[in-house]
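Keep the viewer open as you read.

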Amino acid sequence: MTKPPTSKPLLRDTDRPVRSRPRKSRDPAQPNLPLDPMPDRIDPCLALLKPRPPKGPQWTFEVKWDGYRLAVHIEPTGVRILTRGGHDWTDRFPLIEAAARALPVSTAILDGEAVALDAHGRSDFGLLQQSLGGRGGKKRSSNAVFMAFDLVYFDGHDLRDSELDVRRHLLEDLLPAGGQYDIRLSEAIEADGDQLLASACEHDLEGIIAKRRDSPYRSGRLGDWLKIKCVQSDSFFIVGYEVSMAARGHIGALLLAGRKGDDLAYVGSVGTGFKESEAWKLRGMMDRIKRKTPAIKYAGRRKNVVWLQPTLIAEIEYGAWTGDGKLRHASYKGLRELQDNARVHER
């Protein structure tokens, strides 16, 4: 079992503790509902990017976790752990699988994020990738934990038409707040959205998520959930790299592209964020997908450019966009897995 790191509270105001609401006992007078068939797979509810947190009591907030979105299916025949794209990664997360088997429930589908936590309790996408052996790796993670933030099926009942508050009530009963196991509750935070975002950014977190309390669980990016980031981050195709003998992996910079309709459009380059071992592994992967001509329209002046098939997807942090559609202050975070159904930025 993973030992938890020491984490720092987001809010230090004693009137606004960072805790989920206390658990409530189930009303014994509540009638039993007819059983619903268990879905084989559910497309996830996705958060819509917004620049500022929403206002009003109809919104609740959580920390934004930076990892792999997963659905943990607890079934009579065992446990399945599915990626956002529907790929079975049960064998990649043995500790999460074992923790799911130990939960006091016969059937359930938990929605959440597999993360690796640093010494301060912050999710670190690079650490998670290392634990899995990098993109295309086959390692079994020994330090990933599952932060559960929704419960869409529970003991024979499909909860997708239930309000978020109802689903959270059941989830908090299954996973008490403060549990330090390999499946943990992503706690709801009662706070002003602007104050919480400022605190999240101060603690170098990815950002926050806002969710409508009365919303059902709807697949897709429909606005019931919102994400507000401290630092912008998106996925882009690597379409080439500039060779530099002085750089790690001899990668002077990666050339990046996003989608523009049915085509790819150049969005700039990134030359920072590479670790030594990761850079050489990335170089080896890129050298296997070389092509003679660029997959994009390119009018730049970089020298010693090696063009690539647009198959590798990189997660990039950046500060802003320039007026001509290029990334500013970009930093490489890692490669996304195709099984994670990585969504490449669309211009």
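β2 and β9 pair in the antiparallel sense, over five bridges. Strands here are DSSP E runs of at least two residues, helices are H or I runs of at least four, and both are numbered from the N terminus. Two strands pair if DSSP finds at least two bridges between them. Within this pairing, Glu 62 has Ile 209 of β9 as its bridge partner. β9 also runs antiparallel to β10, and five bridges join these two strands. There, Ile 208 stands opposite Ile 228 of β10. In a regular strand, side chains alternate between the two faces of the sheet. β9 is largely enclosed by the rest of the structure, because five of its six residues are buried. Buried means under 20% relative accessible area, exposed means over 50%, and partly exposed lies in between (1.4 Å probe, protein chains only).

A word on the basis of these values. This is a predicted model: local features need pLDDT of at least 70, side-chain atom pairs count only at pLDDT 80 or more, and totals for chains, interfaces and linings use all residues. Residues are numbered from 1 along each chain as its sequence is written, and side-chain values use heavy atoms, with hydrogens and water left out.

Now step back along the chain from β9. The loop between α4 (193-202) and β9 (207-212) holds Leu 205. Leu 205 counts as buried because its relative accessibility is 16%. Asp 66 is 139 residues away from Leu 205 in sequence, yet the two C-alpha atoms are 8.9 Å apart in space.

Next come the charges. Side chains of opposite charge can pair when their charged atoms come close. A salt bridge is a side-chain nitrogen of Lys or Arg within 4 Å of a carboxyl oxygen of Asp or Glu. The whole structure has 29 of these salt bridges. One of them links Glu 206 and Lys 333, at 3.6 Å from N to O. Glu 206 sits in the loop between α4 and β9, and Lys 333 in strand β19 (residues 331-335), so the pair ties together parts that are 127 residues apart in sequence. Both ends of this bridge are shielded. Glu 206 is buried at 13% relative accessibility, and Lys 333 is buried at 15%.

Another salt bridge joins Lys 55 and Asp 192, whose closest N and O atoms are 3.4 Å apart. Lys 55 lies in the loop between β1 (48-49) and β2 (59-63), and Asp 192 in the loop between β8 (183-185) and α4, so this pair ties together parts that are 137 residues apart in sequence. Lys 55 is exposed, at 53% relative accessibility. Asp 192 is partly exposed, at 31%.

Asp 287 and Lys 290 also meet in a salt bridge, at 4.0 Å from N to O. Asp 287 is partly exposed at 29% relative accessibility. Lys 290 is partly exposed too, with a relative accessible area of 47%. Shared partners also build a network of salt bridges: Lys 64, Asp 66, Glu 206, Glu 315, Glu 317, Lys 333 and Arg 336 are joined into one.

What happens to a buried charge that has no salt bridge? Glu 113 is such a case, and the nearest side chain of opposite charge, Arg 69, is 4.9 Å away. Glu 113 lies in strand β5 (residues 108-115). Its side chain reaches the backbone nitrogen of Gly 67 at 3.1 Å. Beyond its neighbours within four places in sequence, Glu 113 is in contact with residues including Trp 65, Asp 66, Tyr 68, Val 145 and Phe 149. Contact means heavy atoms within 4.5 Å.

The search of the whole structure finds one disulfide, defined as a pair of cysteine sulfur atoms within 2.5 Å. This disulfide joins Cys 201 to Cys 230, with 2.2 Å from S to S. The link is left-handed, with -95° about the S-S bond. Cys 201 belongs to helix α4 and Cys 230 to the loop between β10 (225-229) and β11 (232-243), so the pair ties together parts that are 29 residues apart in sequence. Cys 201 is partly exposed at 30% relative accessible area, and Cys 230 is partly exposed at 25%. Cys 45 is buried, with a relative accessible area of 2%.

Methods: Lys and Arg count as positive and Asp and Glu as negative; His and the chain ends are not counted. A polar contact is a pair of N or O atoms within 3.5 Å; within protein, one must be able to donate a hydrogen and the other to accept it, and residues adjacent in sequence count only if both atoms are side-chain atoms.
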